[in-house]
Amino acid sequence: MAYIVVATGNQHKVEEYKELLADQNVELKSLKDYPNCPEVIEDGKTFTENASKKAVEVCRYCDVPAFADDSGLEVEALGGEPGIFSSRYADTDAARIEKVLKNLEGKDNRRARFVCVIAIAINGEVIETFEGEVKGSIVDAPRGSNGFGYDPIFQPDGYDKTFAEMTDEEKNKISHRANAVKKALEFIEDEMSILDSEF
């Protein structure tokens with residue numbers, strides 16, 4: 001079985017990826033399996049730049065294929081904030097949610113989207129990037145206890161539940177991360193003859 005490293009220490013993301021890749025003949029490792037891997041500074045100006053940098057640096061350190069994502073919430077009325085700063089918008093998930101809701105006070109436009117960009121690196125170079133998104137709205141107050149991050153205030157279009165009110169299975173069918181993973185898997189399957197020797 002081939003294995004690939006996901007360049008994150010976020011256990012929530014790792015578990016999501018394990019579920020999304022459950023049917024693939026790939027063993028997923030995370031940075032917890034490489035505790036001495038240096039922290040990658042996310043200083044890019046876009047999701048793609050940050051994902052690419054993480055994938056390359058982790059691939060080079062671990063000397064195995066790696067993929068990384070950068071993802072976040074973009075709120076229209078806030079000019080796209082928190083965007084690439086989603087995980088650094090405040091110190092905790094609760095504080096980040098509170099900040100978004102406070103900044104939206106008095107604004108009628110609640111439209112938002114989650115974005116995820118995945119970069120795959122082999123032999124220390126990015127071979128491709130993939131973007132997934134899910135559109136929706138910001139609700140007035142947090143709802144639900146599942147998920148993580150901004151899930152309790154994001155309600156995807158066509159649903160009456162927030163991400164945090166959905167089961168993992170429900171969320172993983174429509175999430176931004178699932179959409180990006182689907183594109184990445186399609187690429188890997190199409191290019192498997194090229195990648196077989198690398199995995």
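**Entry 1: salt bridges**

I began with K161 and E170, whose side chains meet in a salt bridge at 3.2 Å, N to O. My rule for a salt bridge is a side-chain nitrogen of Lys or Arg within 4 Å of a carboxyl oxygen of Asp or Glu. K161 is partly exposed at 30% relative accessibility. E170 is partly exposed too, at 32%. For these labels, buried means under 20% relative accessible area, exposed means over 50%, and partly exposed is in between, with a 1.4 Å probe and protein chains only.

I noted what kind of model this is: it is predicted, local features need pLDDT of at least 70, side-chain atom pairs count only at pLDDT 80 or more, and totals for chains, interfaces and linings use all residues. Residues are numbered from 1 along each chain as its sequence is written, and side-chain values use heavy atoms, with hydrogens and water left out.

How many salt bridges does the rule give? The count comes to 17.

Next I looked up D43. It forms a salt bridge with K53, and the closest N and O atoms are 3.0 Å apart. The pair links distant parts of the chain, 10 residues apart: D43 is in the loop between β2 (26-30) and α2, and K53 is in helix α2. I took the element names from DSSP runs, numbered from the N terminus: helices are H or I with at least four residues, strands are E with at least two. D43 counts as exposed at 52% relative accessibility. K53 is partly exposed, with a relative accessible area of 25%.

Then came D140 and R110. Their salt bridge has its closest N and O atoms 3.5 Å apart. D140 lies in the loop between β5 and β6 (154-156), and R110 in the loop between α3 and β4, so the pair ties together parts that are 30 residues apart in sequence. R110 is buried, with a relative accessible area of 18%.

I also found a network of salt bridges. It links K13, E16, D69, D151, K171 and R177.

**Entry 2: a negative patch**

Which residues gather in a patch of negative charge on the surface? I wrote down E15, E19, D168 and E169. The elements that give two or more residues to this patch are α1 (11-20) and α4 (168-174).

I kept the patch rule beside it. Patch residues have over 30% relative accessible area and no salt bridge; like charges are joined within 9 Å, and nonpolar side chains (Val, Leu, Ile, Met, Phe, Trp, Tyr) within 5 Å. Asp and Glu count as negative, Lys and Arg as positive, while His and the chain ends are not counted. E19 lies in helix α1. Its relative accessible area is 42%, so E19 is partly exposed.

**Entry 3: the backbone**

Where is the cis peptide bond? It runs from E81 to P82, with omega near -5 degrees. P82 is found in the loop between β3 (66-75) and α3 (93-103).

I then checked phi. D63 has a positive phi of about 60 degrees although it is not a glycine. D63 sits in the loop between α2 (47-62) and β3. At 67% relative accessibility, D63 is exposed.

N123 is another entry on this page. Its phi is positive, about 55 degrees, and N123 is not a glycine. N123 lies in the loop between β4 (111-122) and β5 (125-138). It is exposed, with a relative accessible area of 61%.

**Entry 4: two buried residues**

I looked up C62, which lies in helix α2. C62 counts as buried, at 10% relative accessibility. What does C62 touch, not counting residues up to four places away in sequence? The list is V5 and Y34. Contact here means heavy atoms within 4.5 Å. I also checked C62 against I4: they are 58 residues apart along the chain, and their C-alpha atoms are separated by 9.8 Å.

S175 lies in the loop between α4 and α5 (176-190). Its relative accessible area is 0%, so S175 is buried. Leaving aside neighbours within four places in sequence, S175 is in contact with V134 and F163.

Notes: Areas by Shrake-Rupley, 256 points an atom, 1.4 Å probe, with all protein chains shown as cover. Charge placed at Lys NZ, Arg CZ, Asp CG, Glu CD.
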